[in-house]
Amino acid sequence: MSPLLPRRNRAGAASAGRRKPPYELVGVLAVIAVMVFVYGAFTKRVPLLPHYHVAGVFSSSNQLIKGSPVRTAGVDIGRVSDISAGPGATTLVTMEISDQGRPIHSDATLKIRPRLFLEGGFYVELDPGSPTTPKLRSGDKIPLPQTAVPVQFHQVLSAFDSPTRDGLKKVIDELSTGLSGGGAQGLRRTTLELAPTLKDIALVAEAAQGTQRDDLSRLVSSTAAVTQVLAEHDTQLADLVTNVNRTAGALASQDRALAASVRGVDATLRAAPPALTALDRTLPTLETFTTAIRPALRIAPATLERLARLLPQLYALTRPAELPGLITELRPTLAELPTLEQRLGTLFPLVTPVVDCVGQKALPVLNARLDDGNLSSGRPVWQDLAHSFVGLASASQNFDANGPWIRYLTGAGTQGVSTGRVPGVDQLFGNTSQPIQGSRPVWLGSQLTPPFRPDQSCIAQPAADLRARTGPPPAALRQAPHRRALSPRLRRRIALHPRIRKLPVHGGRR
């Protein structure tokens, strides 16, 4: 073992084994921290991290430089990071946007604005768009229709070419002519009429908004369509402007007559409200008249066509060679015409209710179709009525009790039916092979009062009800034995019937 060292020597050896603090490394880290702090304070971004960039397509960079600010509502939210050539003759301006200026939407707009005099240069004004549209990602572009550049003074001067300057001179000369000779005093008096005029303009502007949603947008769309059509026909539009100019010149040359016309229009407008009110009161009567005359208008073309064929005949009849004879022939008729007119005046009030009754009550019933369930023919009532006449004529010849033939209709089946009490015969019975489903039409009873009102006119009567209602079937009876199908009393009555006694007897049976 090594000998033990004294305590003092051991302490010195321990302190000699420790390293000195790295003051150089601490100084380097402090310098780096200060540089990062200063860089962040002035640039407001973290180095070596990806940033949000948006590019805008402008018609011109307009003296923008790298580092020009990007502002929203006067607040800096970024800077111009690059300016390069865009598609065609455009300029592509790339901007680095901070988190304060995000999000930016697809309908965002960019405008190059001049800065203050002391600042110098230009900046980009950014409108981030509406929140309902999609957001732009880093690297997206804002198209040319959504960007704008300021108008420079040399561009203003270039717009004033020789024709424009000549036109401006003419406008100033005409303005001088209009204000001279009492025109300025007239313009001053015009201001007194501005209050009611502006009130009317406000009413018109409010009415232009429409009564329903999107009325104004539809008006703008329609105006855009009209403007597009006018733009497509620029030659006709130029002719229209020329004609309007000529019309305005003609009106200016007749200023006194124009003033008289304006006074007449003013008087007309003052008288218009009562006239329009009276016209509004006549509209219900006019509507009633229109409804009444509509059937006549439907048959008017055929009537006018016949009248057109009649006019040549009337023209030939009224020629000078035929007119004396026509007057001679018409003299008795013309002499009786006043009497005929008086009699027609008495006849028409009597005939009109009958015509109305036939046209509005009888004809609709005859043209209607009878609803008889599965037995319905589908034909109008007047056709069924005409067919019934044929059936009655054929049946009344030989197949009723007054004819030379009598039919016996026998039925067989398990379903028994019977009538009610028949006067003079008592109750009748019969058989059928199919069950009775119902009775049509339903017997409504002898005490039912018809809807006819003798105290009312025909036109006020209710329309006839042609519906054939189906009632419940009668009570079915069991199949009775053949020998009991007829009661003795009924047999005696049949045997004593005078028509049956006259029938020939065959084999002891009638």
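## Close-up views of a predicted model

View 1. Thr 109 stands opposite Asp 127 in strand 6. Strand 5 covers residues 109–114 and strand 6 residues 122–127; the two pair in the antiparallel sense over six bridges. Pairing of two strands requires that DSSP find at least two bridges between them. Helices (H or I, at least four residues) and strands (E, at least two) are DSSP runs, numbered from the N terminus. The model is predicted: local features need pLDDT of at least 70, side-chain atom pairs count only at pLDDT 80 or more, and totals for chains, interfaces and linings use all residues. Residues are numbered from 1 along each chain as its sequence is written, and side-chain values use heavy atoms, with hydrogens and water left out.

**View 2. Strand 1 between strand 4 and strand 7.** Strand 1 (residues 52–58) runs antiparallel to strand 4 (residues 91–97), and seven bridges join them. In this pairing, Val 57 stands opposite Leu 92 of strand 4. With strand 7 (residues 141–142), strand 1 pairs in the parallel sense over two bridges; here Ala 55 faces Lys 141 as its opposite residue. Six of the seven residues of strand 1 are buried, where buried means under 20% relative accessible area, exposed over 50%, and partly exposed in between (1.4 Å probe, protein chains only).

View 3. Thr 90 lies in the loop between strand 3 (75–85) and strand 4. Its relative accessible area is 15%, so Thr 90 is buried. The side chain of Thr 90 reaches the backbone oxygen of Pro 87 at 2.5 Å.

**View 4. The disulfide between Cys 357 and Cys 458.** One disulfide is counted in the model, the criterion being a pair of cysteine sulfur atoms within 2.5 Å. Cys 357 is joined to Cys 458 with an S to S distance of 1.7 Å. The pair links distant parts of the chain, 101 residues apart: Cys 357 belongs to helix 10 (residues 323–367), and Cys 458 to the loop between strand 10 (426–432) and helix 12 (488–495). The torsion about the S-S bond is about 55°, so the disulfide is right-handed. Cys 458 counts as partly exposed because its relative accessibility is 28%.

View 5. Val 354, Val 358, Leu 363, Leu 366, Trp 382, Leu 385 and Phe 389 make a nonpolar patch of about 640 Å². Patch residues have over 30% relative accessible area and no salt bridge; like charges are joined within 9 Å, and nonpolar side chains (Val, Leu, Ile, Met, Phe, Trp, Tyr) within 5 Å. A salt bridge is a side-chain nitrogen of Lys or Arg within 4 Å of a carboxyl oxygen of Asp or Glu. Accessible areas come from the Shrake-Rupley method with a 1.4 Å probe; for residues, only the protein chains shown count as cover. Helix 10 and helix 11 (381–398) each supply at least two residues of the patch, and the largest share, four residues, comes from helix 10. Leu 385, in helix 11, is partly exposed at 41% relative accessible area.

**View 6. Arg 469 and Pro 441.** Arg 469 is placed in the loop between strand 10 and helix 12. Arg 469 is partly exposed, with a relative accessible area of 42%. From C-alpha to C-alpha, Arg 469 and Pro 441 are 5.3 Å apart in space, although 28 residues apart in sequence.

Methods: A polar contact is a pair of N or O atoms within 3.5 Å; within protein, one must be able to donate a hydrogen and the other to accept it, and residues adjacent in sequence count only if both atoms are side-chain atoms.
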